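Good morning, and thank you for coming. Please keep the sequence and the structure in view while I speak.

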Amino acid sequence: MTTQTSTNSDLRSGAAKAGPGFDGRALRDAFGSFATGVTIVTTSGPAGADIGFTANSFSSVSLDPPMVLWSLARTSSSIDAFRNSAHFAVHILSADQEALSARFASKSIDRFGGLALDRGPDGIPMLQDCMARFACKLAYQYEGGDHVIFVGEILDFSHSARKPLVFHGGRYGMLLPKQTAAAEPADALSNLSSDDLLYQVSNAYFRTRHAVIDKLEHHGWSAEEYAALSIIGREDGLCIPEIVARSEKLRGQAISAAIVQKLIAHGLLREVDSTDGQARIRLTPEGRLSVMELIAIRKSSEADVQGSLDPSEVQLLKHLLSRLGNSADAVTSVEASKPRR
Ligand SMILES: Cc1cc2nc3c(=O)[nH]c(=O)nc-3n(C[C@H](O)[C@H](O)[C@H](O)COP(=O)(O)O)c2cc1C
């Protein structure tokens with residue numbers, strides 16, 4: 001291993017720009033505009049202690065010989081361990097490993113507590129179940145201002161095809177591949193192409209809803225019964241007109257009051273008198289069991305239709321659909337406030 005003081009002219013000119021009056025916050029923000037993956041770098045301390053920290057300064061360097069680099073703040077509690085260890089390991093995190101990243105960036109916790117570990121060269125800790133893992137021999141250390149740059153030669157590595165955890169602007173994120181398929185030409189009559197957002201949303205809605213309804217019917221429930229029981233399951237004590245109004249808002253189509261009466265006749269709902277003169281509808285104990293059965297059916301249909309989507313994609317889809325719904329609400333309220341022609 002060689003320790004070098006950088007003589008690179010680019011680095012020197014970069015350092016020259018940073019002087020008093022240079023806005024540190026702005027520089028951080030500018031650095032943060034570069035999207036990176038997230039890694040955990042590990043090694044062993046002098047007494048064999050497991051050492052590790054979260055790093056996004058990782059970069060591949062060379063294919064032949066295979067080399068990587070990353071940098072560590074000189075003030076880090078781990079600096080001596082990394083400076084004095086002949087080996088380190090880099091673990092690239094997948095989209096579902098945000099908690100692991102946070103753990104290895106936190107002070108005063110046992111970062112390795114309860115984690116299953118493999119052992120690399122010199123017994124360095126190697127985390128399991130990461131997206132990629134590199135066991136390295138330390139090749140060079142460079143002084144890099146308030147950081148030290150470590151360059152290592154790869155001794156061994158493994159890799160699995162997963163979605164990466166992303167870090168950008170101080171926040172975690174997920175990767176969304178740009179759509180590469182050419183959009184289909186618009187249908188001249190409907191003026192709707194299958195690439196249109198509203199077409200995609202309504203098409204996905206009808207197809208996924210179909211899958212749920214098929215499953216419900218298979219278990220002897222109609223879509224209307226499901227709607228009525230889910231509404232009461234969420235808001236026990238509504239009156240019939242409120243249930244009908246909620247169903248219209250949720251499904252775009254109101255259920256009939258007769259469905260509620262049918263569920264009362266079957267002993268799943270009951271009418272309770274209230275002081276305002278409107279009978280309130282409540283679940284019976286049998287009704288409560290039915291709601292639980294319906295939730296289980298819905299969850300199982302949800303798992304079916306998610307198909308090949310991974311958990312991070314499902315999370316992203318929910319987030320985007322919720323934002324889309326909110327912006328649609330905003331448009332609706334603006335339109336409602338305009339005078340009608
Ligand atoms: C996403 C992310 C990336 C980070 N990347 C680095 C890095 O590349 N180098 C570094 O020195 N610190 C980095 N940090 C900060 C360290 O993980 C953290 O400050 C450090 O582990 C604090 O503990 P220590 O002083 O005991 O090392 C990063 C933190 C996060 C959350």
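I shall go from the overall picture to the ligand, then to the sheets, and finally to a few individual residues.

Let me begin with how the model is to be read. This is a predicted model, in which local features need pLDDT of at least 70, side-chain atom pairs count only at pLDDT 80 or more, and totals for chains, interfaces and linings use all residues. Residues are numbered from 1 along each chain as its sequence is written, and side-chain values use heavy atoms, with hydrogens and water left out.

First, the protein as a whole. The protein contains 10 helices and 15 strands. Helices (H or I, at least four residues) and strands (E, at least two) are DSSP runs, numbered from the N terminus. Of its 341 residues, 30% count as buried. Buried means under 20% relative accessible area, exposed means over 50%, and partly exposed lies in between, with a 1.4 Å probe and protein chains only. The accessible surface of the protein is about 21,600 Å², and 56% of this belongs to carbon and sulfur atoms. Such areas come from the Shrake-Rupley method with a 1.4 Å probe; for residues, only the protein chains shown count as cover. Among contacts with a separation of 6 or more, 60% are between residues 24 or more positions apart; contact here means heavy atoms within 4.5 Å.

Now please turn to the ligand. Which residues come nearest to the ligand? Of the 18 residues around it, they are T54, S57, S76, S77 and K107. A residue is near a molecule if one of its heavy atoms lies within 4 Å of it. By class, this shell has 8 nonpolar, 8 polar and 2 charged residues. In this scheme Ala, Val, Leu, Ile, Met, Phe, Trp, Tyr, Cys and Pro count as nonpolar, Asp, Glu, Lys and Arg as charged, and the others, Gly among them, as polar. Strand 4 (50–55) and strand 6 (66–73) each supply at least two residues of the shell.

Several side chains reach oxygen atoms of the ligand. For S77, a polar side-chain atom lies 2.3 Å from a ligand oxygen. For S57, the distance from a polar side-chain atom to an oxygen of the ligand is 2.6 Å, and for K107 it is likewise 2.6 Å. The protein covers 80% of the 630 Å² of accessible area that the ligand has on its own.

An open sheet is formed by 3 strands in the order 2-12-13, with antiparallel pairing. Two strands pair if DSSP finds at least two bridges between them. Strand 2 (36–37) and strand 13 (171–174) stand at the edges, each with a single partner strand, so one side of each is left without a neighbour in the sheet. Strand 12 (residues 165–168) is joined to strand 13 by 4 bridges, and the two run antiparallel. Within this pair, L165 stands opposite M174.

What is the form of the peptide bond from D64 to P65? The bond is cis, with omega near 0°. Both D64 and P65 lie in the loop between strand 5 and strand 6. D64 is exposed, with a relative accessible area of 73%, whereas P65, at 33%, counts as partly exposed. In space, the C-alpha of P65 is 8.1 Å from that of I154, 89 residues apart in sequence. The C-alpha atoms of D64 and E153, also 89 residues apart along the chain, are separated by 9.7 Å.

Two further loop residues concern the backbone angle phi. Most residues other than glycine have a negative phi, and most peptide bonds are trans. D122, in the loop between strand 8 (117–119) and strand 9 (125–127), has a positive phi near 60°. D129, in the loop between strand 9 and strand 10 (132–144), has a positive phi near 65°. D122 is exposed at 58% relative accessible area, and D129 counts as exposed at 58%.

Finally, a residue in a helix. S230 is found in helix 6 (residues 223–234), and at 16% relative accessibility it counts as buried. A polar atom of its side chain lies 2.4 Å from the backbone oxygen of Y226.

Note on methods
Polar contact = N/O pair within 3.5 Å; in protein donor to acceptor, adjacent residues only side chain to side chain.
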